[in-house]
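Student: Walk me through this one, please. I'd like to ask my way around it.

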Amino acid sequence: MRNKSFLTLTTSLTLLVGAGVAMAESSTHGNGHNTQIASEAKQAGQASGGGSLSERVRAIKPASAGHGDTKASPSKVAATAHGTAAKPALGGGHTSPWSYSGENGPDRWGLLKAEYEACGKGRMQSPINLQGPAVQGEVDIEFDYKASVLQVLNNGHTFQVGYGAGSGISINGERFELLQFHFHSPSEHGRDGKRYPIEAHLVHKNAKGQLAVVGVFMESGAENIALMEMWDHMPMQAGASATHARVAINAGDLVPSGTQFYRYMGSLTTPPCSEGVNWFVSNKTVTVSRAQIEKFLQAVGGENARPLQALNNRLLSGPSLNK
Ligand SMILES: [Zn+2]
């Protein structure tokens, strides 16, 4: 499937690392629209101290792990033909020191381990509230999702679906392979201050190891047909995983067609909170039923959303608010 939204802002991922870069890029277009972007971007650049570009670029390091804490790549999910794998795919059981509440909750993630420092000190953290984008901009994402065998994992923090090789997205010609998608409840991002019952995160990686995550808000309503097979096979215990060779799914069914995307540079929303993640959050929502929400919450043991983080000096582009 192909989604195309309506305005133009950036033409390459690497050019969205900061307002200063957007300014440089816009000079190559030279129409009125981009001139306006340039001036807004310039203001943002000045607000952040002008010479922040090199800092911003340094801050963009390829995230070493996938999105989240799971070390299980989709291909490592135990391949039982049908049924639940007895052995956790995490290796050595579930020893993650962080959680969504209590002593090891989000406010303390940055203190739990040296490698989680970005969770506390990072300035480009996710999620954020998507509101009043500084710039109206088009993001041209081409979706190239093929069907995949269903690989499910309950990693104790989320329900994750691994994806077979060969599917991905192209963002202004740059290819990012789809690795997995997973869910949060409530939504991690906010939109105009509102949080939704569920947010799906489709996690992609390019050849350089940089991540691009597509987020889709799900609001309470009709049962989500695309989720039915996955939900039917959702492992209810932390550490459980399975591959269902006879069940085919397509990630394209999760993304609303014709949607536009908010776009900004952020981080993993779970420790180690690595920055340099390209975020694209759908403006259109899909629905999910009460029963689907409840089953998910039961599987992951309660809410699994990190609180909203400060936008700081970042550029947020997105569709017009009066859509
Ligand atoms: Zn996520």
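Tutor: Two strands pair if DSSP finds at least two bridges between them. Keep in mind that this is a predicted model, where local features need pLDDT of at least 70 and side-chain atom pairs count only at pLDDT 80 or more, while totals for chains, interfaces and linings use all residues. Residue numbers start from 1 along each chain as its sequence is written.

Student: Okay, which residue in the turn between S5 and S6 has a positive phi?

Tutor: Strand S5 covers residues 148-154 and pairs with S6 in the antiparallel sense, over four bridges. Asn 154 has Phe 159 of S6 as its bridge partner. The two strands make a hairpin with four residues between them, and the turn residue with a positive phi, about 90 degrees, is Gly 156.

Student: And in S8, which residue is the bridge partner of Val 161?

Tutor: S6 is also joined to strand S8 (residues 174-184), by three bridges, and these two run antiparallel. Within S8, the bridge partner of Val 161 is Phe 181.

Student: Are the faces of S6 covered or open, and which residues sit on each side?

Tutor: Call a residue buried if 20 or more other C-beta atoms lie within 10 Å of its own, exposed if 12 or fewer, and partly exposed in between, with C-beta atoms placed from the backbone. In a regular strand, side chains alternate between the two faces of the sheet. In S6 (residues 159-162) both faces are covered, with buried residues on each: Phe 159 and Val 161 on one side, Gln 160 and Gly 162 on the other.

Student: Zooming out, what percentage of contacts between residues at least 6 apart in sequence join residues at least 24 apart?

Tutor: The protein chain has seven helices and 16 strands, and buried residues account for 48% of its 323 residues. A contact means that the C-beta atoms of two residues, placed from the backbone, lie within 7 Å. Of the contacts between residues at least 6 apart in sequence, the share joining residues at least 24 apart is 72%.

Student: Now helix H7: within what arc do its buried residues fall?

Tutor: H7 spans residues 290-300, and its buried residues are Gln 292, Phe 296 and Val 300. The arc is taken from the directions from the helix axis to the C-beta atoms. Seen down the axis, those buried residues line one face of the helix, because they fall within an arc of 55 degrees.

Student: Which exposed residues does the face of H7 turned away from its buried side carry?

Tutor: The cover over the buried residues of H7 includes S6, S8, strand S10 (198-205), helix H6 (228-232) and S15. The face turned away from that buried side carries the exposed residues Arg 290, Ala 291, Glu 294 and Gln 298.

Student: What is omega for the cis peptide bond that joins Ser 185 and Pro 186?

Tutor: Pro 186 is in the loop between S8 and strand S9 (190-191). The bond joining Ser 185 to Pro 186 is cis, with omega about -5 degrees.

Student: Is Asp 192 buried or exposed?

Tutor: Asp 192 lies in the loop between S9 and S10. Its phi is positive, near 50 degrees, in a residue other than glycine. Because Asp 192 has 9 C-beta neighbours inside 10 Å, this residue counts as exposed.

Student: Last one: how far apart in space are Asn 283 and Thr 259, C-alpha to C-alpha?

Tutor: Asn 283 is in the loop between strand S14 (275-282) and strand S15 (286-288), and with 19 C-beta neighbours inside 10 Å it counts as partly exposed. Not counting residues up to four places away in sequence, Asn 283 touches Thr 259, Gln 260, Phe 261, Tyr 262 and Pro 319. Asn 283 and Thr 259 are 24 residues apart in sequence, and their C-alpha to C-alpha separation in space is 6.0 Å.
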